[in-house]
Amino acid sequence: MAGAAVTGLIGLWAVMTERERRASEKSAITRLPASATAKGIHFHDTFILNVTDSGIKVLSNRCTHAGCRISRESEGKLVCPCHGSEFDPLNGKVLRGPALKPLPEIPFSHSPATGEIIIQA
Ligand code: FES
């Protein structure tokens, strides 16, 4: 009986901790100065910034297959280290599974005057 109560409390604590972690992740704002936004793919803690001649794209770095952090690019593709899914850095589309869903885009704002990029991820 006491064991079940302890197990229940541990489960409740785990759920609350996960909610707090997600809430804090959602509210984090990152400001990148122009000097940190050179053309190319830049891997950050919670997102991937891709700066090209045609524009800026910010994608989640969490693989849509099982949530591994994507932190590597190979031959122009974003590669998940866990099971090898590959994504297009221009739009997040799946190029190779097992992932089925694209990497979500993350909203951002860009100041042409200062070059600063503000990302809420
Ligand atoms: S978690 Fe990325 S391919 Fe499985």
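Predicted model: local features only at pLDDT ≥ 70, side-chain atom pairs only at ≥ 80, totals over all residues.

Q: OK, strands. Is β3 largely enclosed or open?
A: Strand β3 covers residues 47–52, and five of its six residues are buried, so β3 is largely enclosed by the rest of the structure.

Q: How many bridges join β2 to β3?
A: Four bridges join them, and the two strands run antiparallel. Strand β2 is residues 40–43. The two form a hairpin, with three residues between β2 and β3.

Q: Which residue in β3 stands opposite G40?
A: V51 stands opposite G40.

Q: And how many bridges between β3 and β4?
A: Six bridges join β3 to β4, which is residues 55–60, and this pair is antiparallel. β3 and β4 also form a hairpin, with two residues between them.

Q: What does T52 pair with in β4?
A: The bridge partner of T52 is G55.

Q: Switching to charges. How many salt bridges does a search of the whole structure find?
A: The search finds six. As background, side chains of opposite charge can pair when their charged atoms come close.

Q: What does R31 pair with?
A: R31 forms a salt bridge with E116, at 3.3 Å from N to O. R31 is in strand β1 (residues 29–32) and E116 is in the loop between β9 (108–110) and β10 (117–120), so the pair ties together parts that are 85 residues apart in sequence.

Q: Is R31 buried or exposed?
A: R31 counts as exposed, at 53% relative accessibility.

Q: What about K57, what is its partner?
A: K57 forms a salt bridge with E105, and the closest N and O atoms are 3.3 Å apart. This pair links distant parts of the chain, with K57 in strand β4 and E105 in the loop between β8 (94–96) and β9, 48 residues apart.

Q: Which residue does E86 meet in a salt bridge?
A: The side chain of E86 meets that of K77, at 3.5 Å from N to O.

Q: Which residues make up the network around that pair?
A: K77, E86 and R96 are linked in a network of salt bridges.

Q: Is E86 buried or exposed?
A: E86 counts as buried because its relative accessibility is 14%, and the cut-off for buried is under 20%. K77 is partly exposed, with a relative accessible area of 28%.

Q: New topic. Where does I118 lie?
A: I118 lies in strand β10. I118 is partly exposed, with a relative accessible area of 24%.

Q: What is I118 in contact with, leaving aside its neighbours within four places in sequence?
A: I118 is in contact with I29, T30, R31, F108 and S109.

Q: How far apart are I118 and I29?
A: They are 89 residues apart in sequence, and their C-alpha atoms are 6.9 Å apart in space.

Q: Last topic, cysteines. How many disulfides does a search of the whole structure find?
A: The search finds one. C68 and C82 form the disulfide, with their sulfur atoms 1.9 Å apart.

Q: Where are C68 and C82 along the chain?
A: C68 is in the loop between β4 and β5 (73–74), and C82 is in the loop between β6 (77–79) and β7 (86–87), so the pair ties together parts that are 14 residues apart in sequence.

Q: Is the disulfide left-handed or right-handed, and why?
A: The torsion about the S-S bond of C68 and C82 is about -95°, so the disulfide is left-handed.

Q: Is C68 buried or exposed?
A: C68 is buried, with a relative accessible area of 18%. C82 is partly exposed, with a relative accessible area of 37%.

Q: And C63, buried or exposed?
A: C63 is buried, with a relative accessible area of 5%. C80 also counts as buried, at 3% relative accessibility.

Notes: Residues numbered from 1 in each chain as written. Heavy atoms only, no water. Buried < 20%, exposed > 50% of the residue type's maximum accessible area, 1.4 Å probe, protein only. Pairing = 2+ DSSP bridges. Salt bridge = Lys/Arg side-chain N within 4 Å of Asp/Glu carboxyl O. Contact = heavy atoms within 4.5 Å. Disulfide = S-S within 2.5 Å.
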